[in-house]
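Keep the structure open as you read.

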Amino acid sequence: MINYIGKFNVVPSLPEKLEPLREIVSNLFWTWNHDAIDLFRRLDGKLWDETYHNPVLMLGKISQVRLEEVSNDDSFISHMNRVYVQLNVYMEEKTWYHKNFNFDKENVIAYFSAEFGLTECLQIYSGGLGVLSGDHLKSASDLGLPLVGVGICYKEGYFQQYLTTDGWQQERYEITDFYNQPMNLVLKEDKSPLKIELDFPGRKVFVQVWKIQIGRVPLFLLDSNVPENTDEDKKITRGLYGGNNETRIQQEIILGIGGIRLLHAMGIKPIVCHMNEGHSAFLSLERIRILMKLFDLSFTEARDTNFYSNVFTTHTPVPAGIDIFPNELIEKYFGNYYRSELGISDKDFYSLGTIIKDRPASNYNMAHLAMNMSGYVNGVSKLHGTISKKMWQAGFPGVPFDEIPIDYVTNGVHVHSHLSNDMQELLYRYLGDKFMRNPSDRDTWKRIDEIPDEEIWRTHERRRERLVAFARKRLKNQIIARGGSSSEIKAAKEVLDAQALTIGFARRFATYKRATLIFQDIERLVSIMSNPDYPVQFIFAGKAHPKDEEGKKLIQDVIALTKEHHLRKKIVFLENYDMNIARYLVEGCDIWLNNPRRPLEASGTSGMKVIANGGLNLSVLDGWWDEAYDFNVGWKIGNGEEYDNLDYQDEVESRLIYEMIEKEIVPLFYNRSEDKLPRGWIKMMKNSMRQLGPVFNTHRMVEEYARKFYFASYEKRHELMADNWKKGKAYSAWKSKVYENWNKIKFVSILEEEKNSILLVGNKYPILAEVELGDLTPDDVDVQIYVGKVENGSSENSSYVTMTCNPKKTKSGKYSYKGEIDCKNTGQFGFTLRILPKNDILINKFELGLIRWA
């Protein structure tokens, strides 16, 4: 490698009239503005595609002659100025946040994620988690939240997929030229790059910072490829989810600790930090260190304060999906940090990495660290919230299952980023400007019924036609790339039928997602697909993790079927699945097929993207579809069963898919009226859009995060910070007092005044209790009656009543409590009593892990 002695950057030379282009391409607002995308295509459509929809690179490659030409084209200038005005109006107009809340630019929310899927030219994502993160930032921008994103700038990103002639997945890693991407290096006042310093074992590691502007929201990405680092350390941020365990912990230190340091270096002091998965959980330690250093707080005081302004979102329904590091590796990277910087013992530090408190852990669990450090923890669908409680129930001993403090916020998608231009124009025409500004408004979506059936159907058909054309072109290029024959290339031009019922399956090829379930009974599938009057076709896409041999075998099985003579025109696999392929699929498919093993799909969002495009879902009742399904809006596979015998499950559910396609979906699709419109199908399309559209989007999702977590965090944080942390310090002292006295707390006596009497609905059942509180007072605890139905045995429908205390102690120095159970229903009920800590600061009464049952 040549060692250059100097470096310089060259930027496009634009005619003065075209200067607004520089600002337009630098803000990713264009990724959800079809007028801007049309402008880029108009500038040079071929180059737009060749640069993989990268307007910055396109401006760098376009000829000066062409630039001069369009600068003298009044029509182009008018188009450009219109887009420029749209950008400026968007940036300056009042938003949901400004209109409804007291805007304070200091109330910054920092959103951390290991990947961000923003647009196809920025290869810093692998799949659904990244696209969700990107959509979160886009909706935060639309809503006007004072939010910043923090991630890692991967030089290689995720791998590029290509297949051998026998269908085996191979991986290719492409180097990204950041200087030709819609991003800029963050510079200091002296124009030198801003760099953050981190302590690694025996050395310093430096990272520089790149900024991507997403509407109103900045995203900062950390990059270790700087001259100050060793060759090995330059590679830390090279690849996404690559390398070994040590690479992962290095990346997560850069993301979590480096991310917090970069924000402070830029003068951004986040009030709330949102950890999207556990990759960034080390940020919680750095936030504590900074508070200790700046405000002379103890570790406990700093931890207690930060706890209420950390949000943790988990995306995995299985422990195997969580990053876990051996304690030896943690000690290597954090031994000096926790002893010198945090000033705590090894026992206290390692207890942070587990929620199981009754025994020392040999590993450091990043999800557990995030949970221990976050006042707000949530899953990503209603079902996943329940699954998360089951997965981590052992960390909440004595807490009734339904009261385990894990909430949920169901995922969504940024509608305008995944909506075709044709459908957006149609919806804008009938739903109005409010649809563009607030896609979560239910009343707006009700106007779907005003769209004539013919218009919505023709719009959808155009998108299917474009999907088929795109698939043919893509397949042809795949065959050429792997040296296919001329007959294969010719055959690629004939695959698929633009008028046929088209079913899409595109996602990560993990075994639990069961990509080949549809092929369980190949003869029956062929009979369904080959009906000349009612044809059915499938388009597949997806990557397997480079180390997932079983996932790669699934892809190979699909490829083998696409080569069968009777199937080759009806089943297509598109290589190198990314946001561009996904766009064509969700815009053009009639049915989106999703058949994971329940309950292993935490949420899933690909099926949400077809909703506004007029597509319908056929899915297992898992993730988001478990709460979205209604027979008027799509189809379900099974009734939410979970199986021990997986082969039997595959047999049963594949049969259900065939039944559904053959007896419900195909007849409804091909049942045409005299005007050749499938009126019943269109009715279901409209039902899906009207019912699901306003719910499963990131505007609703981000607003829910704001109302549930962000704004509550603001209030808690400011309350604890006030008067030089007076209340924060007092709260920590109170916690210590409660911990010290908890073993002294006990029930002395419990009296049932109406015992053995017959109770009628509407009666009260009084309970008296005498309680020993040690050095605590009734202000420190709640004493509750916990009531449930005896035959049920679970806590699902249980309830509690808070008892009132006589403030005067009894002669024996105890406190007496009284409470009454409302007899609202018939049956046999049981009760018990419990004591819990009580403080206005607590989000929930189980935070301290203390509970005393009678």
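Contact means heavy atoms within 4.5 Å. This is a predicted model: local features need pLDDT of at least 70, side-chain atom pairs count only at pLDDT 80 or more, and totals for chains, interfaces and linings use all residues. Residues are numbered from 1 along each chain as its sequence is written, and side-chain values use heavy atoms, leaving out hydrogens and water.

**Helix α2**

- Helices are DSSP runs (H or I, at least four residues), numbered from the N terminus.
- What covers the buried residues of α2 includes α1 (20-25), α3 (55-61), α4 (64-71), α5 (74-92) and α16 (421-431).
- Buried means under 20% relative accessible area, with a 1.4 Å probe and protein chains only.
- Among the buried residues of α2 are H34, I37, F40 and W48.
- A kink of about 115° in α2 is centred on D44. The bend is the angle between axes fitted to the seven residues ending at a residue and the seven starting there.
- Just after α2, Y52 takes a positive phi of about 55°.

**Aromatic rings**

- Rings of Phe, Tyr and Trp (its six-membered ring) pair if their centres lie within 6.5 Å; planes under 30 degrees apart count as stacked, over 60 as edge-to-face and the rest as tilted.
- By this rule there are 51 aromatic pairs.
- W96 and F711 are stacked, because their centres are 6.3 Å apart and their planes at 20°.
- This pair links distant parts of the chain: W96 is in α6 and F711 in α28, 615 residues apart.
- Y705 and F709 form a tilted pair, 5.9 Å centre to centre with 55° between the planes.

Definitions and conventions:
Helices (H or I, at least four residues) and strands (E, at least two) are DSSP runs, numbered from the N terminus. Buried means under 20% relative accessible area, exposed over 50%, partly exposed in between (1.4 Å probe, protein chains only).
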